Structures are given as structure tokens and as C-alpha cells.
Amino acid sequence: MSTHQSPAAPSAAPAPDDGAPDPLAALLQRWRKVPGGLLPLLHAVQSAIGYIPPTAVPRIARALGLSRAEVHGVISFYHDFRTQPPAQHRLRVCQAESCQAMGSRELTAGLEQRLGCKLDQPRADGAWALESVYCLGLCAASPALMLDGQLHARVGLPQAVALIKQTEELRA
């Protein structure tokens, strides 16, 4: 990996100066000298903050001696890394071949209508994110979805709507 950074661009985003604790600083200190520390650092940042803020990318790059492009490339390659605050509820619908053959595209279209957001775009109020995933490992029980980390198999639109309602009632 290259350590070259463009001299015209700032080498790192400034740390927050509003008096709030900077969770990134401690993580950078912990992982800066660990060989291959980028992935564990990114996981730690997302765990601590909820996502990887774009302003953190230059600081991460500088701490690890990488280019911002290298850090961004890893973040964008792995679909589980988020660069925006997460939605309150995450509904992931399998779009792999087995699930498609059993109706996941129709399920997804119905969920877009019910949730009021498009696939892979969070709802404007931040309450829901409808996301595509390519295999949840339940091919024999398609279509499958994952709601807030819980797997559900052989899910049709009525079952999915019932899960959404149950989740919304628990939140209320």
C-alpha cells in the first residue's frame, strides 16, 4: 500500500474542539502501530461512533501511514461499514439467486412501499433502512431477511409487515 498523500490536500481532519470527548483519538492511538490495523480500527470506530464519519478518514490515514484513498477504498469495499449515522432499524433483504427465485424482489418492492424508502437508501426520518444483502445463508428457506440482526426465513410480505409493526410497537 502506498503512503503517498497529495500535498495540496490537508493531511488530517482536525479533532473536535467543542469540548466533547474525541472517541477517535483513543482508537487511533491503540491501532496506529498495529500491522494490518486498518480493518480492526474501522470496526472499532464504527462500534464506538455508530458509523465512520468521512471527517475521520484523513485522521485514520495519517495515523496508519496510509493514503486517504486507501482508507476510503476499504470502507467502500466492505458493505457493512457505514459513512452515515445508522437508521434506528435495519431491514436487510436477501437479493441472491435463491431468494430472488422465491420472491425477494416482490418482497422488496412491497417493503419499499410499506417503509417509504428505496432499497439501499435510508428513510428520511432515520427510522428505517432497507438494505440489500447477497446471501444470509438461508437458501433452503428463501426468501430471507434480517431485521435488526435477527434472521427470518420463508418471509412473505404479510410476515414482513407484521415484523415491522411489532418492531414499531416496541419502539412506541
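Two strands count as paired when DSSP finds at least two bridges between them; strands here are DSSP runs of E with at least two residues, helices are runs of H or I with at least four, and both are numbered from the N terminus.

Before you click, note that this is a predicted model, where local features need pLDDT of at least 70, side-chain atom pairs count only at pLDDT 80 or more, and totals for chains, interfaces and linings use all residues. Residues are numbered from 1 along each chain as its sequence is written, and side-chain values use heavy atoms, with hydrogens and water left out.

**Stop one: the sheet.** Select the 4 strands of the open, mixed sheet, which run in the order β2-β1-β3-β4. β2 (128-133) and β4 (150-152) each have a single partner strand, so one side of each has no neighbour in the sheet. On average, neighbouring strands are turned by 20° against each other, direction ignored.

Now pick β3 (residues 145-147): this strand pairs with β4 in the antiparallel sense over 3 bridges. Show L145 and you'll find its bridge partner in β4, H152.

**Stop two: α6.** Angles go from 0 to 180 degrees between N-to-C directions, with axes fitted to C-alpha atoms (for helices, over the stretch in contact).

**Stop three: α6 against α7.** Select residues 104-115 (α6) and 157-171 (α7): the helices pack at about 35°, axes 10 Å apart. Which residues of α6 and α7 meet? L107, G110, L111, R114 and L115 in α6 meet L157, A160, V161, I164, K165 and E168 in α7; contact means heavy atoms within 4.5 Å.
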